[in-house]
Amino acid sequence: MSYVYAGYGATFGVLALYAARVLWRGRALRRALPPVQSATASPAGERRG
Amino acid sequence: MWRDAALVAGKDLRIEWRSRVATNQVAPFALLVLILFAFALDDNPGVLTQAAAGLYWVAVLFSGLLAVQRSSAIEAADGARDHLRLSGLDPAGIFLGKAGAVAAQLLALEVLLAAGIVILYNASIGGVVLVVLTNILATAGLAAAGTLYGSLAAGLKVRETLLPLLLLPVAAPLLLAATEAWQAALGSHPGDGTEWVNLLAVFAIIYLTFGVLAFGSLLEES
Amino acid sequence: MNVPRWTTPALGIGALAFGAAAAVDGLWLIGPTAEQGQYSRLIVVHPPVATIAYLAFGITAVASLLYLWPRTRRREWDLLAGASAEVGVVFCALTLITGSIWGRPVWGVWWTWDARLTATALLLALFLGYLALRRIPAEETVRCRRSAVAALIAILDVPVDHFATTWWQTLHQGASVDLFQPDKHIDTSYNIALLLGFIAGLLAFSWLLIHRYRVEQLEARYETEGLTQALEERRAEAGVRVPV
């Protein structure tokens, strides 16, 4: 049964860690970049939402 | 397309002939790999003979890596890629030519290595037709995949480490099938190896097709 | 991406909810099976992550194709391909991890070189190579084009992996679920648990993909704008030190 817990734990754990990493990278990049000039045409890609 | 292929193959092989890299460096390296395997496994002499097919193909793969590195390095110097692009040759032909040159060098190395395992590992090559067929198809697949990935890694300083990382997973199925077929030929496995030869044929066709289709757009970059 | 603001949080909450439901169902509500005892419970995690990995790599392949096709070529497809590939690699690694954990008690080994496992390991290696290719120091179009070609070759392993259990003799079992006859191999309570796992996985994947895509967009912006800004800051610094 410990193998079962290990399997579930690994799955949820790895996904949670990865999610945290993605969110952290997003936050770091947003901090490092100048704010989007929403009045002018938006740069390649970044749209609302 | 075929004429362009022959032209490019001839150029690469002539460069090779004049610089003798394959004969002076790659062939000794290949033999050295065989010898190192023998050192690593020598405690039990039967092991080498049993593992001969696999060790042979690993040695071929490593040598193939070097040959492919060399093939793409030829174009890296002096903006040769641009010259190739502007020359008006058919990109598919260029691909087939380069792959063909690599294949020719590989086949020569394979013959040498085959002699090596017969002598050094006490292997006895029974099914000659199977062996010849396997080697032709596996070499075609390796040369095609190698040339294709060589161009993916071309012109970069990280090429030496990137190319093996990209190429080895793609070459792995070829290695697997060729080893199985050879094991049948060397008599260490029952069966006639035809299913593996079929698999090799499929892969060779896939990699050649990809190369022919994709090489044009890869060459086009600035 | 122009979707309403509430979609990503909704996906996230949905993933957590279904994830919890799947875990509760898998760990407590369903009972052990005759064939594998408690270990069958891993059906809630292992097949879903494997299928999602296929899906993720499939998206990468389609996006790569769209990028290569001149008429549909847009940077967005390259960004999507990259984002989906990274999430796919995470799920593929999870497939191997959960599979190994499942294999140890049931087969007695952590690993074996049968066709299914080998093909999956190869798949991971192929897309790790793809991710490495995306980081090469080269011009944008060069990087995007080469990565796209690499993705299209790598995706060939997915059908091989999927059909490996039918084409070859494998230690790995064949399909447990027949879409047309759901009760053929496993019973209903397990079907439901498996379904919960799939839904949770799909929602989690969607959430992760959207966020990872946004990071990819930001990195693309950082490449162009961020560099300019850094240069200006450097010039401003130098301007302060050097008397004009």
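Predicted model: local features only at pLDDT ≥ 70, side-chain atom pairs only at ≥ 80, totals over all residues.
## Three chains, two contacts

Chain A and chain B do not touch. Their nearest C-alpha atoms are 21 Å apart. Chain C, by contrast, touches chain A and also touches chain B.

Take the contact with chain A. It draws 40 residues from chain C and 29 residues from chain A. On the side of chain C, three helices each supply at least two residues: H1 (7-29), H3 (75-107) and H7 (188-241). H7(C) gives the most, with 15 residues. Sorted by class, this side of chain C holds 22 nonpolar, eight polar and 10 charged residues.

Now take the contact with chain B. Here chain C contributes 19 residues and chain B contributes 16 residues. Two helices of chain C give two or more residues each: H4 (115-133) and H5 (140-154). H5(C) has the largest share, seven residues. By class, this side of chain C has 14 nonpolar, two polar and three charged residues.

## The makeup of chains A and C

Chain A has 49 residues, and 14% of them are buried. Its secondary structure is one helix and zero strands.

Chain C has 244 residues, of which 43% are buried. It contains seven helices and zero strands. Read from the N terminus, the pattern is α-α-α-α-α-α-α. The C-alpha trace of chain C spans about 85 × 40 × 35 Å along its principal axes.

How much of the contact in chain C links residues 24 or more positions apart? Such residues account for 77% of the contacts with a separation of 6 or more.

Two packed helices are described by the angle between their axes and the distance between the axes.

| Helix pair | Angle between axes | Distance between axes |
|---|---|---|
| H2(C) and H3(C) | about 155° | 7 Å |
| H4(C) and H5(C) | roughly 175° | within 9 Å |

Look at H2(C) and H3(C). Helix H2 covers residues 46-68 of chain C. An angle over 145 degrees counts as roughly antiparallel. H2(C) and H3(C) are therefore roughly antiparallel to each other. Their crossing is left-handed. The residues of this contact are 19 nonpolar, eight polar and one charged.

The same cut-off of 145 degrees applies to H4(C) and H5(C). These two helices are therefore roughly antiparallel as well. Which residues meet where H4(C) and H5(C) touch? From H4(C) come C:Leu126, C:Phe127, C:Gly129, C:Tyr130 and C:Leu133. From H5(C) come C:Arg146, C:Ser147, C:Ala150, C:Ala151 and C:Ala154. By class, they divide into seven nonpolar, two polar and one charged.

C:Asp25 lies in helix H1 of chain C. Is C:Asp25 buried or exposed? C:Asp25 is buried, because 20 other C-beta atoms lie within 10 Å. Set aside its neighbours within four places in sequence. C:Asp25 is then in contact with C:Ile30, C:Ile192, C:Ala193 and C:Leu196. C:Ser189 is 164 residues away from C:Asp25 along the chain, yet their C-alpha atoms are separated by 9.0 Å.

C:Leu55 lies in helix H2 of chain C. C:Leu55 is buried, again because 20 other C-beta atoms lie within 10 Å.

In soluble globular proteins, nonpolar side chains tend to be buried together. The largest nonpolar core in this model has 142 residues. H7(C) gives the most to this core, with 15 residues. Which residues have the most contacts inside the core? They are B:Tyr56 and B:Leu200. B:Tyr56 touches B:Leu113, B:Ile117 and B:Trp182, leaving out residues up to four places away in sequence.

Key. Residues numbered from 1 in each chain as written. Chains lettered and ligands numbered in written order. Contact = placed C-beta atoms within 7 Å. Helix = DSSP H or I, 4+ residues; strand = E, 2+ residues; numbered from the N terminus. Nonpolar A, V, L, I, M, F, W, Y, C, P; charged D, E, K, R; others polar. Core = buried A, V, L, I, M, F, W, Y, C linked by C-beta atoms within 7 Å. Buried ≥ 20, exposed ≤ 12 C-beta atoms within 10 Å, placed from the backbone. Axes fitted to C-alpha atoms, helices over the stretch in contact; angles between N-to-C directions. Parallel < 35°, antiparallel > 145°, perpendicular 65-115°, else oblique. Left-handed = near helix turned anticlockwise from the far one by under 90°.
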